[in-house]
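Me: I'd like to learn to read a model like this one, feature by feature. Please give me the general idea each time, then the case in hand.

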Amino acid sequence: MTTITRAEALKGLLAFSALTTVLAGCAGEGAGTPGAGAAKGKDTVTVDYATYNPLSLVIKKKGWLEKALQEKGKKLEWVKSAGSNKANEALRSGNIDVGSTAGSAALLARANGSPIKVIDLYSQPEWSALVTTKNSNIHAVSDLKGKSVAVTKGTDPYFLLLQALKKEGIAAKEVTIQNLQHADGRTALDNGQVNAWSGLDPIMASAEIESHDVLFYRNLDFNTYGFLNATEQFLTDNPDAAQTIVNVYEYARKWALENTAEATQILADESGIKLETAKLVMERTHLNIDPVPGDKQVQVLKGVGPILVESGDVPNQSDIDKALSSIVDDTYAKKADSAAIENVKKTVS
């Protein structure tokens, strides 16, 4: 199998970005979409929302962030992320200021030169597992040798797959990896185009409920934390707005823990999934965590780093080491204390 590595793709993306800058001024990478410093203006903050980040759906539905940022004289623009890879692309291009990814995806981006920092943790989810159909003859990771697997490269399901293969002693080249966006991966599995799929909630939970697909390999340790990332430029230019976003996220996390039923219903409504599916997702989304990023998350990512180098997604281990030493900015999450949360409550009430 011949695939383009993540590092090569990112180099190409940088070259393309430079070319479009020369041809079109300060335009972003997406056609007609403003990039950093473009049409969105200094008073507009762009934040992503994603079905794999239930807190983002709650915050968007409730309108809390709009109210909190308005007090700071800022407008809010929401941008949907279909996966960690898409959030990383938007952060790199400047099309969003703050985006939600898996920790492993954030490490990949930072190691390949994307100037992002994790400023908050929004969950410790078991959102990824290896999936196959109910009548499949695949029952363990060892059965994947010589088979095809759908997965979205640059996301936690991708890194879970690579780690599971390595643990079993199977080289990635011994498996045919089909790089498909999460929803397309499920479709490919159910249509018989691939033998397995490294899935992501809530699409994975929908596959369980609706298609009776089977999670044949699960490992919480191979799922990294939910990282809320910001571009370094945004943190330099808008530290107050960044703090406001983290404060609202912490308010939402505490609210969701106290109002699980309503949070689950919002997840179902905003994701377009059944309530039964949303309940399954929330069971696997651990919100009762310390939201301050730090050594614990770095230690988890240290296990992912060598695999990124072995797979060719990052050129050198030195790139991983440099990223690990610089990816965390815990100052914002530490300031999201009880007083800050109470202030958010007054603002949004």
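Reply: Let's begin with burial: a residue is buried under 20% relative accessible area, exposed over 50% and partly exposed in between, using a 1.4 Å probe and protein chains only. What you have here is a predicted model, where local features need pLDDT of at least 70 and side-chain atom pairs pLDDT 80 or more, while totals for chains, interfaces and linings use all residues. Numbering runs from 1 along each chain as its sequence is written, and side-chain values use heavy atoms, without hydrogens or water.

Me: What percentage of the residues in the protein chain is buried?

Reply: Of the 349 residues, 56% are buried. As for secondary structure, helices (H or I, at least four residues) and strands (E, at least two) are DSSP runs, numbered from the N terminus. The chain has 16 helices and 11 strands.

Me: How many aromatic pairs does a search of the whole structure find?

Reply: Rings of Phe, Tyr and Trp (its six-membered ring) pair when their centres lie within 6.5 Å; planes under 30 degrees apart are stacked, over 60 edge-to-face, and the rest tilted. The search gives seven pairs. One of them is edge-to-face: Trp 64 with Tyr 251, at 4.9 Å centre to centre and 75° between the planes. This pair links distant parts of the chain, since Trp 64 is in helix H3 (residues 64-70) and Tyr 251 in helix H10, 187 residues apart. Both Trp 64 and Tyr 251 are buried.

A tilted pair joins Tyr 122 and Tyr 249, with 6.5 Å between centres and 50° between planes. Here strand S4 supplies Tyr 122 and helix H10 supplies Tyr 249, 127 residues apart.

Me: Which ring does the charged end of Lys 60 sit over?

Reply: The rule is that NZ of Lys or CZ of Arg must be within 6 Å of the ring centre and within 35 degrees of the ring normal. For Lys 60 the ring is that of Tyr 49, with the charged end 4.7 Å from its centre.

Me: Now the nonpolar core. Which residues touch the most other members of the largest one?

Reply: A nonpolar core is a set of buried Ala, Val, Leu, Ile, Met, Phe, Trp, Tyr and Cys residues joined through side-chain atoms within 4.5 Å. The largest has 53 residues, and Val 47, Ile 59, Trp 64, Leu 65, Phe 234 and Ile 245 touch the most other members. Helix H10 (residues 239-258) gives the most to it, with 10 residues. A second, separate core of 44 residues includes Leu 144, Val 151, Phe 222 and Tyr 225.

Zoom in on Leu 65, remembering that contact means heavy atoms within 4.5 Å. Beyond four places in sequence, its contacts are Val 47, Ile 59, Leu 76, Trp 78, Thr 244, Ile 245 and Val 248.

Me: What do the buried residues of H8 pack against?

Reply: In H8, Met 204, Ala 205, Ser 206 and Ala 207 are buried. They pack against strand S5 (128-132), helix H7 (182-190), strand S8 (196-200), S9 and H12. After H8 comes His 212, with a positive phi near 60° in a residue other than glycine. His 212 counts as partly exposed because its relative accessible area is 48%.

Me: Last one: where is Thr 224 placed?

Reply: Thr 224 sits in the loop between S9 and strand S10 (226-231), and it counts as buried because its relative accessible area is 2%. Now for polar contacts: these are N or O pairs within 3.5 Å; within protein, one atom must be able to donate a hydrogen and the other to accept it, and residues adjacent in sequence count only if both atoms are side-chain atoms. A polar side-chain atom of Thr 224 lies 3.2 Å from the backbone nitrogen of Gly 103. For the backbone nitrogen of Ser 104, the distance to a polar side-chain atom of Thr 224 is 3.0 Å. Among the other residues that Thr 224 touches are Pro 125, Trp 127, Asp 156 and Val 300.
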